[in-house]
Amino acid sequence: MVQRVFGFSSLSVARDQMPPDILDYPTSKDIVAQEGSNVSLSCAATGVPEPTITWKREGEKSVTSVENSGITSHDGPMLHIVNIQRHNAGSYHCIASNGVPPTVSKRIIVTVNFPPIVRLPSRQYHAELGGRVVLVCHSEAQPNSINYWMKGKGEIILQGGTYEKVLEDHVFKVTMQIVIRLEKASDFGVYKCVAKNSLGTTEESVKVYRKTSKSKPTENQIVQHSNYLGPGTFIKNYTENKINEILLTASAASSGVGNPSISGEKGFLLLLILLPLIGALDDALDAL
């Protein structure tokens, strides 16, 4: 193709264009790494013009060992992860593009092995004799772990409970629940959730406490409650003053003094009725 520009001529030769293609070698394959190690992923591609390589993870997760770094992509044929952690496990995509469609990508799965971790929603349970408690335990591990409950120092509990295992982000996550029926005193105490794989064993303990029913208030507690309105001596003195006032009123009534509406005979009868009641009340006050 001949072009003339400002009196000069130049020859423009169109070069072939090729879409990108990712090579199986030396591009990395799926790998398994130990937690804490350094990992390098490589991606090689051909095409005209030369493709650019970008690394990304599924779910826009961080491509560094820092979980919340905010770095969700990396440009270049090599991706280095220093001190890889369990949250770095998952799928990585190397994407090759050069402006010539289509853009191509390859998925590389990274598995990170680590010893189990155990988490307990609660470390203390309280129940009465004859009741029951539901113990819950969560664990994560890679490779897969063996999980079980223990009573005390070494008694493995083989029966009862539920066991749920899921594989999420290339990590085995287990939830165990077990119902403990507290039929005797020895059913209370320490229980252990144990998770074990080829890299180690992890256990966490919970304790079941015996809860006693509330006891009846003692005599001292009753007296203390009844003294809420004031000391007992105050109540006693106050009541004795009232008794003396009643006696004086009844005596005056029997003599017909002080209240003309009450005859002497009626006052005398009133005094006879009040005397036994006052005596009983006085005895009760002496008991205080």
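Student: Quick one to start. Is Cys 94 buried or exposed?
Tutor: Cys 94 is buried, at 0% relative accessible area. Buried means under 20% relative accessible area, exposed over 50%, and partly exposed in between, with a 1.4 Å probe and protein chains only.

Student: What should I know about the model and the numbering?
Tutor: The model is predicted: local features need pLDDT of at least 70, side-chain atom pairs count only at pLDDT 80 or more, and totals for chains, interfaces and linings use all residues. Residues are numbered from 1 along each chain as its sequence is written, and side-chain values use heavy atoms, leaving out hydrogens and water.

Student: OK. Which residue forms a disulfide with Cys 94?
Tutor: Cys 43 does, with the two sulfur atoms 2.3 Å apart. A disulfide here is a pair of cysteine sulfur atoms within 2.5 Å. The link of Cys 43 and Cys 94 is right-handed, with 55 degrees about the S-S bond.

Student: Where do Cys 43 and Cys 94 lie?
Tutor: Cys 43 is in the loop between strand 5 (39-42) and strand 6 (45-48), and Cys 94 is in strand 10 (residues 90-97), so the pair ties together parts 51 residues apart in sequence. Helices (H or I, at least four residues) and strands (E, at least two) are DSSP runs, numbered from the N terminus. Cys 43 counts as buried too, at 3% relative accessibility.

Student: How many disulfides does a search of the whole structure find?
Tutor: Two. Cys 137 and Cys 193 also form a disulfide, sulfurs 1.9 Å apart. Cys 137 is in strand 13 (residues 132-142) and Cys 193 in strand 18 (residues 189-197), so this pair ties together parts 56 residues apart in sequence. In sequence order of the bonded cysteines, the pairing is 1-2, 3-4.

Student: Why is the disulfide of Cys 137 and Cys 193 called left-handed?
Tutor: Because its S-S torsion is about -75 degrees. Cys 137 is buried at 2%, and Cys 193 is buried at 0%.

Student: Which residues does Ser 139 touch?
Tutor: Among them are Ile 117, Val 118, Phe 172 and Ala 195, not counting residues up to four places away in sequence. Contact means heavy atoms within 4.5 Å.

Student: Switching to charges. How many salt bridges are found?
Tutor: Six. A salt bridge is a side-chain nitrogen of Lys or Arg within 4 Å of a carboxyl oxygen of Asp or Glu. Glu 35 and Arg 86 form one of them, at 2.9 Å, N to O.

Student: What else does Arg 86 do? It lies over the face of which residue?
Tutor: Phe 114, at 4.0 Å from the ring centre. A charge sits over a ring if NZ of Lys or CZ of Arg is within 6 Å of the ring centre and within 35 degrees of the ring normal. Arg 86 is partly exposed, at 23%.

Student: And which residue forms a salt bridge with Arg 123?
Tutor: Glu 204, with the closest N and O atoms 2.9 Å apart.
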